[in-house]
Amino acid sequence: MMKKNLLLILMCFVCGLVYAHDGLNFRNLDVKSGISDNYVRSVLRDRYGFMWFATLNGLNRYDGYQFKKYTTTQLGAYNNDIESIAEDAAGNIWIKGPVSYYIYDREQDKLENKIQPILNKYGITGEVSYLTVDKDYNLWCTVMDTLFHYDFTKNKLHTFQLPGKEKMQQVVCRRSCAYLLFSNGEIARIDSNFQQIRPETRRTLSSGLQYNLYIDTVDRLWFYASHASGLQCYDTNQKQWIDYIGGQELTDALITAVMDDGDGNLWIGTDDKGVYISYNQDKQLVRINKKSENPFSLADNHINCFFKDNQNTMWVGTGKQGVSFAALDKIAFNTCFLPEQEDVKCLQEDKEGNL
């Protein structure tokens, strides 16, 4: 206990400036810091600790001191727009552009558009039309009407024939529980043995919208259209669509991103209202937005994406002010004023816990 208290005090002096309040303390990285564009679409922390930011103007790698930019125009892309980035269990970093997929070549320190040699090692052949890495860090790809799933833990490839003529739009999977979203609004489930695709539920889709699925840590599916109102929740255990904490307040919010913080609390990004956190255990909805008078507030209310790294830091990619990040382990400091203005040179705790 003594060491913990001393550590907290040392952190006050090392940080220089500590802003204590009931919310989260955010810091910001933007074009002034060196990032190539303030519109951040996707965030990743790789196995070596580097931060990666996918922007409208290229891919950025951040080592804590400076940024390095990677472009796709030299590989034939018509612009440098990067849509998403993800790392699989083997350490492959996959990058999605508007029309093509790329992979990061660590040895050459460059992006490569020839992804097929890597996929061939896992038994995936043919021209890939869809590629994603799930929450278990396993790989999913579609080639025409075939869905491939490579399990890195078991070193095993699963192959599925996609049913019907409807196009598969998205795969989400956590703890080997996988769901597929199709263009007609059908949501299907792949059973635990990865042997068959079974219909689960269905939603009505509107034309012209991009729909998304997200699976959280308590087996709920979240369904929404990007930059449109409405966020719906499906309980996979109860097999029904359910109400959730804050659902009424979010009726008119334009949803852009969803992320579970690991404790069943949902971070919900919006187009212009900042972030809402639906605390499942505390049964409350909290809004976090930009406050111009607070230098440690969220940098922008236009949210594009979330990423929680293995250091329990939440990264928030914004549409206008780069990326904001905050430690989820909040530390609050209380000031105890002494009767006289004396220097404190020693701290001691007795057996009753008095300091």
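**Figure 1. Glu186 and Arg202 form a salt bridge between their side chains.** The distance from N to O in this pair is 3.2 Å, in a model that is predicted, as are the views that follow. The two residues belong to distant parts of the chain, 16 residues apart. Glu186 is in strand β16, which covers residues 186-190, and Arg202 is in strand β17, which covers residues 197-202. Glu186 is buried, at a relative accessible area of 18%. Arg202 is partly exposed, with a relative accessibility of 45%.

**Figure 2. Arg41 and Asp81 are joined by a salt bridge.** Their side chains meet at 2.8 Å, N to O. Arg41 lies in strand β2 (residues 40-45) and Asp81 lies in the loop between β5 (67-70) and β6 (84-87), so the pair ties together parts of the chain that are 40 residues apart in sequence. Arg41 is partly exposed, at 26% relative accessibility, while Asp81 is buried, at 12%. In total, the structure contains 13 salt bridges. Side chains of opposite charge can pair when their charged atoms come close.

**Figure 3. Arg220 and Asp216 meet in a salt bridge between buried residues.** The N to O distance is 2.6 Å. The relative accessibility of Arg220 is 9%, so Arg220 counts as buried. Asp216 has a relative accessibility of 0% and also counts as buried.

**Figure 4. Glu87 takes part in a network of salt bridges.** The members of the network are Asp46, Arg47, Glu87 and Arg106. Glu87 is located in strand β6 and is buried, with a relative accessibility of 10%. Its side chain makes a polar contact of 3.1 Å with the side chain of Arg106. A polar atom of the Glu87 side chain also lies 3.1 Å from the backbone nitrogen of Arg47. Leaving aside neighbours within four places in sequence, the residues in contact with Glu87 include Leu44, Arg45, Asn92, Ile93, Val133 and Tyr137.

**Figure 5. The largest nonpolar core has 30 residues.** The residues with the most contacts inside this core are Leu119, Leu131, Leu139, Leu147 and Leu180. Two or more core residues come from each of the strands β8 (101-105), β10 (130-133), β11 (139-143), β12 (146-151), β14 (168-174), β15 (177-182) and β16. Strand β11 gives the largest share, four residues.

**Figure 6. Leu147 is surrounded by contacts from several residues.** When residues up to four places away in sequence are not counted, Leu147 touches Trp140, Cys141, Thr142, His158, Thr159, Phe160, Leu162, Met168, Val171, Leu180 and Ile190.

**Figure 7. Cys141 and Cys305 are both buried.** Cys141 has a relative accessibility of 0%. The value for Cys305 is 7%. Across the whole structure, a search finds zero disulfides.

**Figure 8. Five strands make up an open, antiparallel sheet.** The order of the strands is β20-β23-β24-β25-β26. At the edges stand β20 (228-229) and β26 (284-288); each has a single partner strand, so one side of each is left without a neighbour in the sheet. Within the sheet, β23 (residues 254-260) and β24 (residues 266-270) run antiparallel and are joined by five bridges. Ile255 is found opposite Thr270 of β24. Strands of a sheet pair through backbone hydrogen bonds, and the pairing is either parallel or antiparallel.

Figure 9. With a relative accessible area of 6%, Asp300 is buried. Not counting residues up to four places away in sequence, Asp300 touches Lys290, Thr318, Gly319, Lys320 and Gln321. From C-alpha to C-alpha, Asp300 and Gly317 are 9.1 Å apart in space, and they are 17 residues apart in sequence.

Terms used. Residues numbered from 1 in each chain as written. Predicted model: local features only at pLDDT ≥ 70, side-chain atom pairs only at ≥ 80, totals over all residues. Heavy atoms only, no water. Salt bridge = Lys/Arg side-chain N within 4 Å of Asp/Glu carboxyl O. Buried < 20%, exposed > 50% of the residue type's maximum accessible area, 1.4 Å probe, protein only. Core = buried A, V, L, I, M, F, W, Y, C linked by side-chain atoms within 4.5 Å. Contact = heavy atoms within 4.5 Å. Disulfide = S-S within 2.5 Å. Pairing = 2+ DSSP bridges. Polar contact = N/O pair within 3.5 Å; in protein donor to acceptor, adjacent residues only side chain to side chain.
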